Amino acid sequence: MKQDIHPGYQKVVFLDTSSDYKFLTGSTQTSDETIEWEDGNTYPLIRVEVSSASHPFYTGKQKADKAGGRVDRFKKKYNLS
């Protein structure tokens, strides 16, 4: 690999702001904000709005589309069976 062209890879903490869920993982993202993790080390903090703790697909709290697809809506709109 070429030297000095790749972003730095380090451990960072991602914080889901909607559920206060935090997890430590490796990433190339950087941040000026830091947080002390459970192991006593300080890591960069990346704030995210959605993670597996708050996304409807992972939590099972999805809304089912009761209106149907385009064809069903068209038929309903024009009273077609």
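Me: What is the relative accessibility of F23?
Reply: This is a predicted model, in which local features need pLDDT of at least 70, side-chain atom pairs count only at pLDDT 80 or more, and totals for chains, interfaces and linings use all residues. Residues are numbered from 1 along each chain as its sequence is written, and side-chain values use heavy atoms, with hydrogens and water left out. Buried means under 20% relative accessible area, exposed over 50%, and partly exposed in between, with a 1.4 Å probe and protein chains only. F23 counts as partly exposed because its relative accessibility is 28%.

Me: How many aromatic pairs are found in the whole structure?
Reply: Rings of Phe, Tyr and Trp (its six-membered ring) pair if their centres lie within 6.5 Å; planes under 30 degrees apart count as stacked, over 60 as edge-to-face and the rest as tilted. A search of the whole structure gives the number of aromatic pairs as 3.

Me: Which ring arrangement do F14 and F23 have?
Reply: F14 is buried at 12% relative accessible area. The ring centres of F14 and F23 are 5.5 Å apart and their planes stand at 20°, so the pair is stacked.

Me: Which ring arrangement do Y21 and F23 have?
Reply: Y21 is partly exposed, at 35% relative accessibility. F14, Y21 and F23 belong to one aromatic cluster. The ring centres of Y21 and F23 are 5.8 Å apart and their planes stand at 35°, so this pair is tilted.

Me: With which residue does the side chain of S51 make a polar contact?
Reply: S51 sits in the loop between β4 (42-48) and α1 (56-59); helices (H or I, at least four residues) and strands (E, at least two) are DSSP runs numbered from the N terminus. S51 is buried, at 9% relative accessible area, and its contacts (heavy atoms within 4.5 Å), leaving aside neighbours within four places in sequence, are D16, Y21 and F23. A polar contact is a pair of N or O atoms within 3.5 Å; within protein, one must be able to donate a hydrogen and the other to accept it, and residues adjacent in sequence count only if both atoms are side-chain atoms. At 2.7 Å, the side chain of S51 makes such a contact with the side chain of D16.

Me: Which residue forms a salt bridge with E33?
Reply: A salt bridge is a side-chain nitrogen of Lys or Arg within 4 Å of a carboxyl oxygen of Asp or Glu, and the count by this rule is 1. With the closest N and O atoms 2.8 Å apart, E33 forms a salt bridge with R47. The pair links distant parts of the chain, 14 residues apart, with E33 in the loop between β2 (21-27) and β3 (34-36) and the partner in strand β4.

Me: How many residues of helix α2 are buried?
Reply: Helix α2 (residues 70-77) has 8 residues.
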